[in-house]
Amino acid sequence: MRKNIVAGNWKMNLDLEQGIHLFNEIQDLLKVELRGEQEVIVCSPSIHLNSLAKALNDTSKLSIGAQNCHQAENGAYTGEVSAQMIASAGAKYVIIGHSERRLYFSESSSLLAQKLDTTLKNGLLPIFCIGETLEQRNGGTYFDVIKEQISEASFHLDGSEYGKLILAYEPVWAIGTGLTASPEQAQEIHLFIRNLIVEKYGQSLAENITILYGGSCNPKNAAELFAQPDIDGGLIGGASLKARDFVDIIKALN
Ligand code: PEP
């Protein structure tokens, strides 16, 4: 059975005090309100990870993730953060290949392949993002784009490694824009992704892979998106910065 997951991506927002405050608010709300088996992840700026790990209470339903890591194990890469550092700070997950990193930091599929390797080698679970731009959607090339992004960065992994991945389909035109893919548009791509995994790794592995939707997901549209058969939860940007909205999105996933 694949897991249902909602992950928040705080991006480069919130200072430490604000981050801990939001984290505790989410934690308190979930304690009282979460009834299902959903997994909840908060991906904070790396500098906050250890403080959030310490703020986790015993019965917490939260896990912590980073938003990026360097591809090398360690070395002379001034200003960078390694997968091992992230794991040692108390995180379990790391986002790899977010479209903002592809766009602003020129992250290519071959680089992302290395980042997936380093992440897995250090015991972290990658949340691997893929998605097409508006131009690619309007030009009708989006199936090819998604196939290329997935196969070039992740199909070198063997089955046991692949089974640890969470995928996140995030159409670039829907991220932070208020435009959301319709449930039908998102389901079409999620099924396409799952079928690519079936072809490469077989039915049973593909059935167990969690595929999240991301792109202007909010408490109003979440339930309809999550009701689609191949949408197993969400990667949430803006709405993860408000505890009430984030928890309502989590509750929409059953
Ligand atoms: C994201 O950045 O991963 C994202 C989905 O952002 P938003 O929810 O703000 O569109």
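User: How is helix packing described, and at roughly what angle do the axes of α7 and α9 cross?

Analyst: Two packed helices are described by the angle between their axes and the distance between the axes. Axes are lines fitted to C-alpha atoms, for helices over the stretch in contact, and angles run from 0 to 180 degrees between N-to-C directions. Helices (H or I, at least four residues) and strands (E, at least two) are DSSP runs, numbered from the N terminus. Here the axes of α7 and α9 cross at roughly 40° and come within 11 Å. α7 is therefore oblique to α9; angles under 35 degrees count as roughly parallel, over 145 as roughly antiparallel, 65 to 115 as roughly perpendicular and the rest as oblique. The model is predicted: local features need pLDDT of at least 70, side-chain atom pairs count only at pLDDT 80 or more, and totals for chains, interfaces and linings use all residues. Residues are numbered from 1 along each chain as its sequence is written, and side-chain values use heavy atoms, with hydrogens and water left out.

User: Is the crossing of α7 and α9 left-handed or right-handed?

Analyst: A crossing is left-handed if the near helix is turned anticlockwise from the far one by less than a right angle, and right-handed if clockwise. By that convention, α7 passes α9 in a right-handed crossing.

User: At what angle do helix α5 and helix α7 pack?

Analyst: Helix α5 (residues 109–121) packs against helix α7 (residues 142–154) at an angle of about 50°, and their axes are 7 Å apart. α5 is therefore oblique to α7, and the crossing of the pair is right-handed.

User: How far apart are the axes of helix α1 and helix α12?

Analyst: For helix α1 (residues 16–33) and helix α12 (residues 243–251), the axes are 9 Å apart and the packing angle is about 40°. α1 and α12 are therefore oblique to each other, with a right-handed crossing.

User: What counts as a salt bridge, and how many does the structure hold?

Analyst: A salt bridge is a side-chain nitrogen of Lys or Arg within 4 Å of a carboxyl oxygen of Asp or Glu. The structure holds 14 of them.

User: Which residues are linked in a network of salt bridges?

Analyst: The network links Arg 2, Arg 194, Glu 207, Asp 230 and Asp 232. Within it, Arg 194 pairs with Asp 230, the closest N and O atoms being 2.6 Å apart. Arg 194 lies in helix α9 (residues 183–201) and Asp 230 in the loop between α11 and β8, so this pair ties together parts that are 36 residues apart in sequence. Arg 194 also meets Asp 232 in a salt bridge of 2.9 Å, N to O.

User: Where in the chain does the salt bridge between Arg 2 and Asp 230 make its link?

Analyst: In this salt bridge the closest N and O atoms are 4.0 Å apart. Arg 2 lies in the segment before β1 (5–9) and Asp 230 in the loop between α11 (222–226) and β8 (233–236), so the pair ties together parts that are 228 residues apart in sequence.

User: Are Arg 194, Asp 230 and Asp 232 buried or exposed?

Analyst: Buried means under 20% relative accessible area, exposed over 50%, partly exposed in between (1.4 Å probe, protein chains only). Arg 194 counts as buried because its relative accessibility is 3%. Asp 230 is buried at 8%, and Asp 232 is buried at 3%. Arg 2 is buried as well.

User: Which residues form a nonpolar patch on the surface?

Analyst: Patches are made of residues with over 30% relative accessible area and no salt bridge: like charges are joined within 9 Å, nonpolar side chains (Val, Leu, Ile, Met, Phe, Trp, Tyr) within 5 Å. The patch here consists of Leu 103, Tyr 104 and Phe 105, with about 400 Å² of accessible area together. Tyr 104 belongs to helix α4 (residues 99–104) and counts as exposed at 59% relative accessibility.

User: Which residues have a positive phi although they are not glycines?

Analyst: Among them are Leu 14, with a phi of about 80°, and Ser 106, with a phi of about 50°. Leu 14 sits in the loop between β1 and α1 and is partly exposed at 26% relative accessibility. Ser 106 is in the loop between α4 and α5 and is exposed at 62%.

Terms used. Areas by Shrake-Rupley, 256 points an atom, 1.4 Å probe, with all protein chains shown as cover.
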